[in-house]
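The following note is intended for a colleague examining the coordinates. Please read the points below alongside the sequence and the structure.

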Amino acid sequence: MRDKFNGDVNKVDWKGIFAERHNLGRQVSDGISDILSEQKGRLAKAENIVSKGYDVKDALLQNLSVEDSAEDVLARRYYSDVVLGLLHRNMALQEWVKLSKGEDVPLERALVGFDLFVLHSRTGDCDEISNALDNIAELFRQEVPGHVEMNTRDKARALAGYLRMHDLVGIKCNIDENYHNLQNNFMGIALQGADHPSLPLISVAIYCCVAQRLDLDAQPCGFPFHVLAIVKPREGLDVVGQRLPERQFGDPIYMDPFRSASETLVDSLKLQLETLGIAPSDQSSYLGCSGIPEIVRRSAKNIITSVQTLSRNEGVSRLSTTDPTPEMDGAFYSSLWALTILAEGDRNTTETLRAQFLPYIVQRIESHFPMDVLLIEKFITPLLSNLPQHQEIFNAIRAMRDSDARAPREVKARTTETSGSVPFKVGQHFKHKRYGYFAVITGWDVECLAGEAWISRMGVDRLSRGKHQSFYHVR
Amino acid sequence: MGRVEDGSPRYVAEDNVQVVDDEPSPRLMALAGQYFKRWSDVERRFISNIKDEYPDD
């Protein structure tokens, strides 16, 4: 549907589009109402919405911003966000799977996958990022009018200078402190405007994506410790525009937009490689273009490093969905998926790597992303075989499917007996007398049903009535 | 046990529960949507959306 906006105004059936859109909107709202109506069968209902295609996003956003006075406001917003997340992650995984099969995926579509895991209702999905990059390229064309005549080297430098001047790349303040900030790993967040810092990898990605729109052949080069851009002149020319014999390619130049607008000389790069103990005969692979899968893997590892750094600095709690900083959970989760799908190596190696990551993915699905059983079924089961560690994954999937089909596990009606011994009700807001935090009751048991290990760890027996009092599930 | 309201599932003894009338924080409001329809200003509690599990609450 979005493509139609680019077509000829007179040829487009606007009335038909609006009808279609209205109809889709209603289907989505009804689908959300369906999900809200009971706990059972939510997986199929969510899948049904997502299967209608990415166009459902607009309707999901509308449901997500339903007015405060709506009778089911909190539930509708919550589950619209859940389904939107599923839609986003489905999109991200589709692109990564294509990459894993050797298909061509543009750099921006590959990297926006990470953004999609933490995006929620913010601006910055694939289309929005592409538009932002188009706009930057257009502004460059307007502000740097001589660019058409420029040779490769001058254009490469002019672009780096332009991006740096407009704070679209690099980290402006307190590089050392802020280097591992989680937000520096996300292309969409970096493109939101001035003052949004980005790691070298993201800075280079932005540089390359804009460069390609300006007919400049720039691609990421996964140099050790610090990603660079490798810029190649056109066939038959060198970087200063001199003719070369036909079919010959001139030497490339290297740019480091994170650090500067000037060229990085290949000799200094070779020297660095030598210092790292890499012999001249082995150096060419470090000086060439990295494949896009390698860049995605590298970004995933950067995210993991940022999350681990954040976790070490204490006091970081789970962030709200309106917070522009990406949540740690979502970010870490995106990296697990990227490293699993894009696991590199021969068959044995990839199987082993995946077997390592999958239990962590399953764990997160069980605790935070229950709908993602759908994504495992779609994207992971084709990769699995009869190995014992894979059997565990199949079991986990089946358990989650069963749980969804039978939900709720138990119906807890109030008898005259329980009414007396369970004084508090689902939905009550309370303060924890001992720890002081506020929470809401989401369920109850007539007595403590936790295992002995939990009971002794929590000191339950030190309470006046110990485990023989009502206990409450809370959030 | 954290003092931070991070929305993780917890299990609390009756002795430790002190019901309050206060309007929940925005974060709690957002998380509550998993189980509740809305916060009722009048009744000073969340309106349940898990009647299939707790029909009488």
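**Notes on the predicted model**

1. A:Lys57 lies in helix H3 of chain A, residues 56-64; helices are DSSP runs of H or I with at least four residues, strands are runs of E with at least two, and both are numbered from the N terminus. This is a predicted model, in which local features need pLDDT of at least 70 and side-chain atom pairs count only at pLDDT 80 or more, while totals for chains, interfaces and linings use all residues. Residues are numbered from 1 along each chain as its sequence is written, chains are lettered from A and ligands numbered from 1 in the order in which they are written, and side-chain values use heavy atoms, with hydrogens and water left out.

2. A:Lys57 counts as buried because its relative accessibility is 3% (buried is under 20% relative accessible area, exposed over 50%, partly exposed in between, with a 1.4 Å probe and protein chains only). Beyond its neighbours within four places in sequence, A:Lys57 is in contact (heavy atoms within 4.5 Å) with A:Leu84, A:Leu87, A:His88, A:Leu119 and A:Asp125.

3. Helix H5 of chain A (residues 107-118) has 11 of its 12 residues buried and is therefore largely enclosed by the rest of the structure. The buried residues include A:Phe114, A:Asp115 and A:Phe117. After H5(A) comes A:His120, with a positive phi near 55°.

4. Four strands of chain A form an open sheet in the order S1-S2-S3-S4, with antiparallel pairing (two strands pair if DSSP finds at least two bridges between them). Strands S1 (217-221) and S4 (263-264) of chain A are at the edges with a single partner strand each, so one side of each lacks a neighbour in the sheet. S1(A) and strand S2 (residues 228-232) of chain A run antiparallel and are joined by five bridges. A:Pro220 has A:Ala229 in S2(A) as its bridge partner.
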